[in-house]
Amino acid sequence: MPDGCEVPSADAAYRVQHATIHALGGRIAGWKVGARTPESEPFAAPILAATLFDGGTILPPGLCRHIGVEAEIAYRFGRALPPRAVPYTAGEVCDAIVSVHTAIEIIDTRFAVPGSQPALDHLADQQSHGALFVGPGITDWRPLVPLEERVTLTVGDRVVADHVGGNSAGDPIRTLVWLAGHAARHAGGLAAGTIVTTGSTTGTLFVDPGTHVRATFAHLGTLSLTCG
């Protein structure tokens, strides 16, 4: 980025996101949403169908320049949440969710170095989204308590994370409610079938191409992935 060309605001970052999607001619099939703390304003980025692998287990070679692995919890919406005058309630958002899944997001960037630019520049860059893999899940999801869910992330034969909770955003339902309004303003709402991943529970670990990784949530199941 030339000096003086930093993205000035979150609204500008979101305009860049959607101008990029329009230019690519892609279809929004999912979203990523998160927050730095349980009280802070969430942030989001759309995910194109070309980088969403629902049931996939192999990252296509060359798709990502950087391969940052994160274990995440993803929600599938069985009913659309279109734009409307009245904001959606948490109850309405929950009623639209049909299943919850183990997911692995691949963090990548169009910049030379991950994390090298101001936060708003990375937000404009699809919040550093590279690819999203969606694994096994459950339909009887309401008893699930993400803040109490044990997560394990294994890279090769080494366990690199094994703990309870870990998502800086806190309860993901709060961010999903926010996303319903955000998507209504920027993308015509959330379509039926949309997958929303709700932020890392393990931090980001960059790995080499060919690495095998495995993410397990106690009540959701295990997703294994070969990274290119």
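Guide: This is a predicted model, and the conversation below concerns two of its helices, α1 and α4.

Visitor: How many residues does α1 have, and what does it reach from end to end?

Guide: Helix α1 covers residues 10-24, which makes 15 residues. From its first C-alpha to its last it reaches 21 Å, close to the 21 Å expected at 1.5 Å a residue.

Visitor: And what follows α1?

Guide: Gly 25 follows α1, with a positive phi near 70°.

Visitor: Which residues of α1 are buried?

Guide: They are Ala 12, Ala 13, Tyr 14, Gln 17, His 18 and Ile 21.

Visitor: Why is Gln 17 counted as buried?

Guide: Because its relative accessible area is 0%, and the cut-off for buried is under 20%.

Visitor: What does Gln 17 touch?

Guide: Leaving aside residues up to four places away in sequence, Gln 17 touches Ala 44, Ala 45, Pro 46, Leu 123, Ala 124, Gln 126 and Gln 127. A polar atom of the Gln 17 side chain lies 3.1 Å from the backbone oxygen of Ala 44.

Visitor: Turning to α4, which residue caps its N-terminal end?

Guide: Asp 171 does, with a side-chain oxygen 3.1 Å from the backbone nitrogen of Ile 173.

Visitor: Which residues of α4 are buried, and what follows that helix?

Guide: The buried residues include Pro 172, Ile 173, Trp 178 and His 182. Gly 188 follows α4, and its phi is positive, near 75°.

Key:
Residues are numbered from 1 along each chain as its sequence is written. This is a predicted model: local features need pLDDT of at least 70, side-chain atom pairs count only at pLDDT 80 or more; totals for chains, interfaces and linings use all residues. Side-chain values use heavy atoms; hydrogens and water are left out. Helices (H or I, at least four residues) and strands (E, at least two) are DSSP runs, numbered from the N terminus. The expected span of a helix is 1.5 Å times one less than its number of residues. Buried means under 20% relative accessible area, exposed over 50%, partly exposed in between (1.4 Å probe, protein chains only). Contact means heavy atoms within 4.5 Å. A polar contact is a pair of N or O atoms within 3.5 Å; within protein, one must be able to donate a hydrogen and the other to accept it, and residues adjacent in sequence count only if both atoms are side-chain atoms.
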